Amino acid sequence: MAMEQQQPLPTFLALTGVVTLLLLALINHLVVSSRRRSPSPPPLRRRLPPSPPGGLPVIGHLHLLRPPAHRTFHDLASRLGAPLMLIRLGSTRCVVASSADVAGELIRHHDAAISGRPVTAVPRLFSYGSAGFAFTPYGARWRFLRRLCVSEVLCPRTVELLRPVRRAAMAPLLNAVLAASERGETVNLTRELIRFSIASIVRMVATDAPASVAGEAAEAVVKAVTELLGAFNVEDYVPLCRGLDLQGLRRKAAGVHRRFDALLEQMIRHKEEAREGGCGAIVEHEQVQDDKKQTPAATRKRSKDLLDILMEKAEDDAAEVKLTRENIKAFITDVVTAGSDSSAATVEWMLAELINHPEAMDKVREEIDTVVGDDRIVGEADLPRLPYLQATFKETLRLHPGAPVAHRVSSSTSEMAVGEFTVPPETAVFINVWAIGRDPAYWEDPLAFSPERFMPGGAAAGVEPRGGQNFQFMPFGGGRRGCPGVGLAQQSVPAVVAALVQCFDWVVVDGDGGETGLVDMDESEVAPASAPSHCSSEPVPGGRLGRVGRMPTGLPVPNFSPFRRSGCMDFAGRAGLRSYALIETTP
Ligand code: HEM
């Protein structure tokens, strides 16, 4: 009986074991198949960057934007406390990076993915359908043109060889200021600097072009092109408006493009004729350098200009990409438009900061006087011996980057992880270079103008200007699409400021001619009402520094003049320079 009663136990145990095994197998199957159905969640759950409140259907956050865009972006991001912010401009999803950390992460980890540029109606027209490289999608053709730009067209050797061309272009600028001072009139420095900047770069493109091509006509049309490229076109963002040309920008662009194209054609044809006729002996790079040592006069021979380099490339059958006429024209358009206004603006800001900081102005003058003296006008060759001037240049770029917002487009088809956030595919990326330079996490007393921080031993002395490993200072952007004109700008901008400081004393006057002493550094009439304290500039009474950065290319467009200069005050002790300026600048 007992035996009979004990017999079911093993059967029961066996059954229990089988059931348990079956259950375990079932659970395992369910877990595995559920894993197969939904991929495992990322180790850290990322979310979309925060968005400012107030987004509306159709227009998104467009109604919140006021020029200048970098200030509005900064204001919105500060209110959200978000170094990465998601906004919608019409139907375009955008992220705005406002801190060095986030910009650094974007460029370090996602550079290829965010190396696109928006190619909208007006830029497409001026770039001959993306035949250049500034408004060309990231890809093989862009890479070829970019390499050509960095390794030949704007390489340090070409920049150095064309130094005399830039020096000659400075003469009309100094003459204009001198003439105004002798008449006792003020000078509109904004206008003169843009004129100079365009003339200088157009001359670098075609050193031998006749005045009818490279003179005032070129200045006017380049200015018009730059303005159109910098204009905010609502139809690029709001599909409902597409094709309507509500602002008349496309119509205007078509006219300006015709004029600009005619000018480029003239420039190229003139060059073709010169090359066919064997005129305009070109001094090869190496030859110039050798000649420099032996016969200075030889350097007067025409050296290869940017158009020579491009045309040679177009004739090169072995080139990886055969350059077309459109490529050449678009290339010139890129270089001329991207390089002129940004440089002119930087000269203007730098001089304005020096005027407002007489102790810095004195130091720059003293340095120039010590290194150059009174017998000639300071030039680019003197720069290595002018460290305080160079520190002033960097400090100016930190506070007033000539292109305050770098505009990229993400071509990534998958999400990008940036810090704790995820950026959806195909999103426009704005890097707020202006806000990064004023980030209190990186800069002590960020609003103070203090070139000392960039002097050897100063707090920011080791900051890499191109963004290399360090993104706390990136006035030239960074990564694959960083500015290819950085070397040229580092030469030309400080040299022009140095000459303006060496040759003239500057006085700021208001509209009625009264001296105010200081330049108003408020950059627009639309100062954000709630700018966070570390970014609000204290407006000072006086001549306004007017510069409205228009949405969305990041290329600032000049608005109105900062300087109303009274006659060159107090030339005592500087008369030598003054007459030197006259001698040198006489054509
Ligand atoms: C102080 C003067 C200048 C400043 C502050 C400046 C700044 C910038 C910035 C922030 C960008 C966007 C970079 C990015 O997206 O990461 C850029 C692009 C560019 N810059 Fe400059 N730039 C200056 C002068 C020049 C000059 C002198 C030239 C040529 C002569 C030039 C040619 C260009 C071009 C062609 C691009 C577009 C590059 C591309 O898309 O691949 N820039 N610049």
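Two residues are in contact here if their C-beta atoms, placed from the backbone, lie within 7 Å. The structure is a predicted model.

**Overall make-up**

The secondary structure comes to 20 helices and ten strands. The protein has 587 residues, and 45% of them are buried. Take the contacts between residues at least 6 apart in sequence: 72% of these join residues at least 24 apart.

**Cysteine 483**

UniProt, in an unreviewed entry, places the feature "binding site" at Cys483. This cysteine sits in the loop between helix H18 (433–437) and helix H19 (486–503). Cysteine 483 has 23 C-beta neighbours inside 10 Å; the threshold for burial is 20 or more, so the residue counts as buried. Neighbours within four places in sequence aside, cysteine 483 is in contact with Phe476 and Gly477.

| Residue | C-beta neighbours inside 10 Å | Class |
|---|---|---|
| Cysteine 483 | 23 | buried |
| Arginine 117 | 22 | buried |
| Glutamate 276 | 8 | exposed |

Arginine 117 is placed in the loop between helix H4 (100–110) and H5. With neighbours within four places in sequence left out, arginine 117 is in contact with Ala134, Phe135, His407, Arg408 and Val409. Tyrosine 138 is 21 residues from arginine 117 along the chain, and their C-alpha atoms are separated by 7.5 Å.

Glutamate 276 belongs to helix H12. With 8 C-beta neighbours against an exposure limit of 12 or fewer, glutamate 276 therefore counts as exposed. Glutamate 276 and phenylalanine 473 are 197 residues apart in sequence, and their C-alpha atoms are 47 Å apart.

**Helix H12**

H12 covers residues 249–276, 28 residues in number. At 1.5 Å a residue the helix should span 40 Å, and its end C-alpha atoms are 39 Å apart, which agrees. Its buried residues are Ala253, Val256, His257, Phe260, Leu263, Leu264, Met267, Ile268 and Lys271. What covers them includes helix H5 (121–126), helix H10 (211–214) and helix H11 (216–230). Helix H14 (306–315) and helix H15 (325–356) are also among the covering elements.

**H9 against H15**

Two packed helices are described by the angle between their axes and the distance between the axes. The axes of helix H9 (residues 189–205) and H15 come within 8 Å and cross at roughly 145°. The crossing is right-handed. On the H9 side, the residues that meet H15 are Leu189, Thr190, Leu193, Ile194, Ser197, Ile198, Ile201, Val202 and Val205. Their partners in H15 include Ile332, Val335, Val336, Gly339 and Ser340. Asp341, Ser343, Ala344, Val347 and Glu348 of H15 also take part.

**Nonpolar cores**

In soluble globular proteins, nonpolar side chains tend to be buried together. The largest nonpolar core in this model has 98 residues. Those with the most contacts inside it are Val202, Val205, Val497, Ala498 and Ala499. H15 supplies the largest share of this core, 16 residues.

What does valine 205 touch, not counting residues up to four places away in sequence? Its contacts are Asp305, Leu306, Leu307, Ile332, Val335 and Val336.

A second, separate core has 47 residues. Leu86, Cys94, Ile107 and Val405 are included in this second core.

Note on methods
Residues are numbered from 1 along each chain as its sequence is written. This is a predicted model: local features need pLDDT of at least 70, side-chain atom pairs count only at pLDDT 80 or more; totals for chains, interfaces and linings use all residues. Helices (H or I, at least four residues) and strands (E, at least two) are DSSP runs, numbered from the N terminus. The expected span of a helix is 1.5 Å times one less than its number of residues. A nonpolar core is a set of buried Ala, Val, Leu, Ile, Met, Phe, Trp, Tyr and Cys residues joined through C-beta atoms within 7 Å. UniProt positions are given in the numbering used here, feature names are shortened, and annotations may be inferred rather than shown by experiment. Axes are lines fitted to C-alpha atoms, for helices over the stretch in contact, and angles run from 0 to 180 degrees between N-to-C directions. A crossing is left-handed if the near helix is turned anticlockwise from the far one by less than a right angle, and right-handed if clockwise.
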